[in-house]
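Work through these exercises with the sequence and the structure side by side. Try each task before reading its solution.

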Amino acid sequence: MRAVIRRNKVLVCDEIEDLKPDSGQVLVKTLACGICGSDLHALHHMEHMIELTSRASGGMTNGFDPRADTVFGHEFCAEILDHGPGTTGALKAGTRIVSLPVTMTPAGGMEMLGFSNRLPGGFAERMILSEALLLEVPNGLPTDQAALTEPFAVGAHAVAKARLDPNSVCLVVGCGPVGLAVIAGLKARGHGPVIAADYSPRRRAAAEMLGADVVIDPAKESPHARWEGFGVPTARAAQSMIKMMGGNFGRPVVFECVGSPGIVQSLIEASPAGAQIVVAGVCMETDKIEPAIAITKEIELTFVFGYSPEEFAQTLHDIAEGVIDVSGVVTGKVGLGGVAEAFVTLGDPEAHVKILVEPGRV
């Protein structure tokens with residue numbers, strides 16, 4: 001079968017071995033798979049990513065060799081083709097599904113799809129998934145929207161980790177895929193006002209489409225200039241005065257969705273006293289902060305990653321029910337032969353919001 005393979009830090013479209021489901025597994029046909037920012041980074045910096053992952057997990061990388069062939073793709077919607085031994089067959093062949101991008105092995109291990117040498121991710125015509133992790137696509141939800149479950153679950157998790165008051169004001173810094181997912185997650189849970197900031201006109205338009213109440217170009221205005229207008233005093237003295245007079249205000253929450261060095265420090269300095277900064281952007285470089293400023297302002301830093309199975313399932317439900325409207329998120333589709341060019345195109349934030357890979361597309 002055909003797949004797009006990361007080989008020697010380039011993407012090549014080639015043939016790989018056909019797949020056969022083992023115990024508890026199903027064989028699926030990939031219908032659509034999103035290109036993630038982590039895929040873009042991993043193309044050239046996979047070795048560094050895995051080195052950091054190994055340090056974070058105590059050396060547990062499941063034997064993954066970043067120098068060996070890898071088929072990316074973890075944001076997918078697929079169709080069941082066949083069931084392996086020991087499966088229930090509750091979801092029949094032909095059923096469209098989404099799944100956590102993890103496949104359990106009969107030996108009790110797990111393969112992280114898109115970051116595995118043994119099993120291909122969604123940039124392949126077919127995949128092996130675990131029956132126990134499958135979720136049927138409901139309500140006739142279009143395939144290209146169902147494929148967005150995984151990236152939008154990332155936003156749902158970031159929102160779940162935020163300590164939001166009913167009247168909290170939220171600032172989302174960076175409106176790439178992660179920032180957009182956070183905006184959608186906030187609005188799905190009824191939070192607002194949501195301020196969104198990005199230098200890219202296209203990304204600002206996408207943020208507005210997904211429900212941001214205020215959209216700001218940081219080149220023209222500091223997004224932090226809006227706190228007071230929404231009733232959030234920025235200085236500790238002003239906050240104390242309001243509380244002493246029996247008043248109250250919502251906890252300010254900032255979502256860092258850029259992932260570049262210096263961003264966290266800039267937010268520590270500019271955010272209101274007592275703010276929670278939820279760090280969802282993945283900075284892969286050594287960074288530095290000045291803790292004394294964060295201490296003096298009592299800033300809370302919360303680092304988030306991934307999502308829970310429950311958040312994944314809830315995100316699929318929210319998309320299917322229209323609670324999260326992702327109808328305008330996909331701005332391009334390519335077949336396997338167009339993946340390498342799509343990686344280049346996505347380097348320009350004005351070119352696309354999200355590109356899907358459709359292995360069946362000619």
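## A buried loop residue

At 0% relative accessibility, L148 counts as buried. The model is predicted.

**Exercise 1.** Place L148 in the fold and list its contacts beyond the neighbours within four places in sequence.

*Solution.* 
- Step 1. Locate the residue. L148 sits in the loop between α2 (143-146) and α3.
- Step 2. Apply the cut-off. Buried means under 20% relative accessible area. L148 has 0%, so L148 counts as buried.
- Step 3. List the partners. With neighbours up to four places away set aside, L148 contacts I319, V326, V329, V330 and K354.
- Step 4. Take K354 from that list. L148 and K354 are separated by 206 residues in sequence, yet their C-alpha atoms are 9.3 Å apart.

## Two partners of α3

**Exercise 2.** Describe how α3 packs on α9: what are the angle, the distance and the handedness?

*Solution.* 
- Step 1. Two packed helices are described by the angle between their axes and the distance between the axes.
- Step 2. Read them off. The axes of α3 (residues 149-161) and α9 (residues 309-320) cross at roughly 115 degrees and come within 8 Å.
- Step 3. Classify. That angle makes α3 roughly perpendicular to α9.
- Step 4. The crossing of α3 and α9 is right-handed.
- Step 5. Name the residues. From α3 come T149, E150, F152, A153, A156, H157 and A160; from α9 come E311, F312, T315, L316 and I319.
- Step 6. Sort by class. The contact of α3 with α9 has 7 nonpolar, 3 polar and 2 charged residues.

**Exercise 3.** Which residues of the largest nonpolar core touch the most other members, and which elements supply the core?

*Solution.* 
- Step 1. Recall the background. In soluble globular proteins, nonpolar side chains tend to be buried together.
- Step 2. The largest core has 49 residues, and F152, V172, V182, I183, L186 and F255 touch the most other members.
- Step 3. Trace the suppliers. β3 (25-34), α3, β10 (170-173), α4 (177-188), β11 (194-197), α5 (201-209), β13 (253-256) and α9 each give at least two residues.
- Step 4. Find the main supplier. α4 provides the largest share, 7 residues.
- Step 5. Beyond four places in sequence, F152 touches L180, A181, A184, L210, T315, I319, I324, V326 and V329.
- Step 6. Check for another core. A second, separate core has 40 residues, including I35, I50, V71 and F72.

## Backbone exceptions

**Exercise 4.** Where is the cis peptide bond, and which residues other than glycine have a positive phi?

*Solution.* 
- Step 1. G192 and P193 are joined by a cis peptide bond, with omega about 5 degrees. P193 is in the loop between α4 and β11.
- Step 2. N8 has a positive phi of about 55 degrees. N8 lies in the loop between β1 (2-7) and β2 (10-15). N8 is exposed, at 67% relative accessible area.
- Step 3. N139 has a positive phi near 60 degrees. N139 lies in the loop between β9 (134-136) and α2. With 54% relative accessibility, N139 counts as exposed.

Notes:
Residues are numbered from 1 along each chain as its sequence is written. This is a predicted model: local features need pLDDT of at least 70, side-chain atom pairs count only at pLDDT 80 or more; totals for chains, interfaces and linings use all residues. Side-chain values use heavy atoms; hydrogens and water are left out. Axes are lines fitted to C-alpha atoms, for helices over the stretch in contact, and angles run from 0 to 180 degrees between N-to-C directions. Helices (H or I, at least four residues) and strands (E, at least two) are DSSP runs, numbered from the N terminus. Angles under 35 degrees count as roughly parallel, over 145 as roughly antiparallel, 65 to 115 as roughly perpendicular and the rest as oblique. A crossing is left-handed if the near helix is turned anticlockwise from the far one by less than a right angle, and right-handed if clockwise. Contact means heavy atoms within 4.5 Å. Ala, Val, Leu, Ile, Met, Phe, Trp, Tyr, Cys and Pro count as nonpolar, Asp, Glu, Lys and Arg as charged, and the others, Gly among them, as polar. A nonpolar core is a set of buried Ala, Val, Leu, Ile, Met, Phe, Trp, Tyr and Cys residues joined through side-chain atoms within 4.5 Å. Buried means under 20% relative accessible area, exposed over 50%, partly exposed in between (1.4 Å probe, protein chains only).
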